[in-house]
Amino acid sequence: MADNNEERMEKTIASLKDSFNGIRTGRASAAMFDKVFVDYYGTKSPLNQVSTIAIPEARSVIITPFDKTLIGEIEKAIQAANLGLNPSNDGKVIRIQVPALTADRRKELVKQAKTVAENSRTAIRNIRRDGNDAFKKMQKDGELTEDGLKTETDKLQKLTDKYIEEINKIYDSKEKDILQN
């Protein structure tokens, strides 16, 4: 039972990290393009499967398509993804200069990150609630003693505290990334 709770909490952390990858900072990263899908002969394919994404400098990205005929589709997909980026191509590669974030935009992104982190904390607490309910039912059904119930709920609380702390660390790191120039 506890393993199931821990597994669900791990998935919540993985989801948080994935969500944070979509929130851009002032620096270029290949993760910025994780949610960009390109129409590849009628199939939506992730950008990183139809091209290479290189970060030669902190604020520039070079995307080299494996199939040069896709260059226009890749450009459209990046613009449609609302990343606030303006791709330009020379027929062979797409170059993108990542603009510096304005102070207002940084505050907006921090607020967005805070919301995502709070949603993750809520998910962890919901997992704790579900686990405690399951333990109480087990005790009611005679599968768990009163001492066993206390032990299991204490273990679950420690697990919850550990994952809430991890969320806080991940959020603090992301906030620092966003606020950095």
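What share of the 181 residues of the chain count as buried? In this predicted model, the figure is 36%.

## Overall form

The chain contains 5 helices and 6 strands. Followed along the sequence, these elements give the pattern α-β-β-α-β-β-α-β-β-α-α. The radius of gyration is 22 Å, well over the 16 Å that the globule rule gives for 181 residues, so the chain is more spread out than a compact globule.

Along the principal axes, the C-alpha atoms fill a box of roughly 70 × 40 × 20 Å. The chain exposes about 10,600 Å², and carbon and sulfur atoms supply 49% of that area. Of the contacts between residues at least 6 apart in sequence, 63% join residues at least 24 apart.

In soluble globular proteins, nonpolar side chains tend to be buried together. The largest nonpolar core of this model has 24 residues, and Met9 and Phe20 are the members that touch the most others. Two or more residues of this core come from each of helix H1 (2-21), helix H4 (103-140) and helix H5 (146-179). H5 provides the largest share, with 9 residues.

The surroundings of Met9 can be listed in detail. When residues up to four places away in sequence are not counted, Met9 touches Ile124, Ile127, Arg128, Leu156, Leu159, Thr160 and Tyr163.

## The four-stranded sheet

An open sheet is formed by 4 strands in the order E3-E4-E6-E5, with antiparallel pairing. Strand E3 (51-57) and strand E5 (88-89) stand at the edges; each has a single partner strand, so one side of each is left without a neighbour in the sheet.

Within this sheet, E4 and strand E6 (residues 94-97) run antiparallel and are joined by 4 bridges. Isoleucine 62 stands opposite arginine 95 of E6.

## Serine 60

Serine 60 belongs to strand E4, which covers residues 60-65. Is this residue, serine 60, buried or exposed? Its relative accessible area is 6%. Because this value is under the 20% limit, serine 60 counts as buried.

Which residues are in contact with serine 60, leaving aside its neighbours within four places in sequence? They are Ala28, Ala54, Ile55, Ile96 and Gln97.

Conventions
Residues are numbered from 1 along each chain as its sequence is written. This is a predicted model: local features need pLDDT of at least 70, side-chain atom pairs count only at pLDDT 80 or more; totals for chains, interfaces and linings use all residues. Side-chain values use heavy atoms; hydrogens and water are left out. A nonpolar core is a set of buried Ala, Val, Leu, Ile, Met, Phe, Trp, Tyr and Cys residues joined through side-chain atoms within 4.5 Å. Buried means under 20% relative accessible area, exposed over 50%, partly exposed in between (1.4 Å probe, protein chains only). Contact means heavy atoms within 4.5 Å. Two strands pair if DSSP finds at least two bridges between them. The radius of gyration is taken over C-alpha atoms; the globule rule is 2.2 Å times the number of residues to the power 0.38. Accessible areas come from the Shrake-Rupley method with a 1.4 Å probe; for residues, only the protein chains shown count as cover.
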